[in-house]
Amino acid sequence: PGTQFGLTISTADGREFKTVHGLERNRNGALAVSLPVAQLAKGSYVVRLYLDKPSAPVIAEYRLAVDRQ
């Protein structure tokens with residue numbers, strides 16, 4: 001297997017919401033994660049990507065906003 005990544009999704013106030021381990025790039029070189037939309041309440045989230053190793057530094061950070069109609 002190739003390099004494995006992990007990610008955390010936290011609420012805007014820093015509460016960890018979800019952690020995913022063992023992500024690998026697909027044949028296009030992309031990482032993909034699926035979550036049921038019902039798990040995400042309206043609000044702002046921070047997604048942090050890192051190598052899936054103990055104490056690995058954050059590689060990238062993304063902001064995500066969920067808006068329900």
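Predicted model: local features only at pLDDT ≥ 70, side-chain atom pairs only at ≥ 80, totals over all residues.
Let me begin with the pocket: the largest one in this model is lined by L7, I9, L31, A32, V33, S34, L35, L40, V47, L49, Y62 and L64. Residues are numbered from 1 along each chain as its sequence is written, and side-chain values use heavy atoms, with hydrogens and water left out.

By pocket I mean an open set of points on a 1 Å grid over the protein atoms alone, with protein on both sides within 12 Å along at least five of seven lines, and a residue belongs to the lining if it has an atom within 4 Å of a point. The largest pocket holds about 220 Å³ of space, where the volume is the space filled by probe spheres set on the points, and the points are joined across faces, edges and corners. Its lining divides by class into 11 nonpolar residues, 1 polar residue and no charged residues; here Ala, Val, Leu, Ile, Met, Phe, Trp, Tyr, Cys and Pro count as nonpolar, Asp, Glu, Lys and Arg as charged, and the others, Gly among them, as polar. At least two lining residues come from each of β1 (5-11), β3 (43-51) and β4 (58-66).

Let me step back to the chain as a whole. It has 0 helices and 4 strands, and along the sequence these follow the pattern β-β-β-β; both kinds of element are DSSP runs numbered from the N terminus, helices being H or I of at least four residues and strands E of at least two. The C-alpha atoms fill a box of roughly 40 × 25 × 15 Å along the principal axes. Of the 69 residues, 25% count as buried, and that term means under 20% relative accessible area, with exposed meaning over 50% and partly exposed in between, for a 1.4 Å probe and protein chains only. Of the contacts with a separation of 6 or more, 42% are between residues 24 or more positions apart, a contact being heavy atoms within 4.5 Å.

Which residues make up the largest nonpolar core? There are 11 of them, namely F5, L7, I9, V20, L23, L40, Y45, V47, L49, A60 and V66, and β1, β2 (16-23), β3 and β4 each supply at least two. Such a core is a set of buried Ala, Val, Leu, Ile, Met, Phe, Trp, Tyr and Cys residues joined through side-chain atoms within 4.5 Å.

L23, in strand β2, counts as buried because its relative accessibility is 11%. Leaving out residues up to four places away in sequence, L23 touches T3, Q4, F5, L7, L31, A32 and V33; with V33, the C-alpha to C-alpha distance is 8.1 Å at 10 residues apart in sequence.

T8 is in strand β1 and is buried at a relative accessible area of 12%; beyond its neighbours within four places, T8 is in contact with E16, K18, T19, V46, V47, R48 and Y50. S10, also in strand β1, counts as buried at 5% relative accessibility, and among its contacts outside four places in sequence are F17 and Y45.

F17 and Y45 form a tilted pair, 5.9 Å centre to centre with 55 degrees between the planes; rings of Phe, Tyr and Trp (its six-membered ring) pair if their centres lie within 6.5 Å, and planes under 30 degrees apart count as stacked, over 60 as edge-to-face and the rest as tilted. The pair links distant parts of the chain, F17 being in strand β2 and Y45 in strand β3, 28 residues apart. F17 counts as partly exposed at 31% relative accessibility, whereas Y45 counts as buried at 5%.

I will end with the loops. P36, in the loop between β2 and β3, is partly exposed at 46% relative accessibility. S55 lies in the loop between β3 and β4, is exposed with a relative accessible area of 78%, and has a positive phi of about 60 degrees although it is not a glycine.

Key. 1 Å grid on protein atoms, 1.4 Å probe; cavity = no way out; pocket = protein on both sides within 12 Å on 5 of 7 lines; lining within 4 Å.
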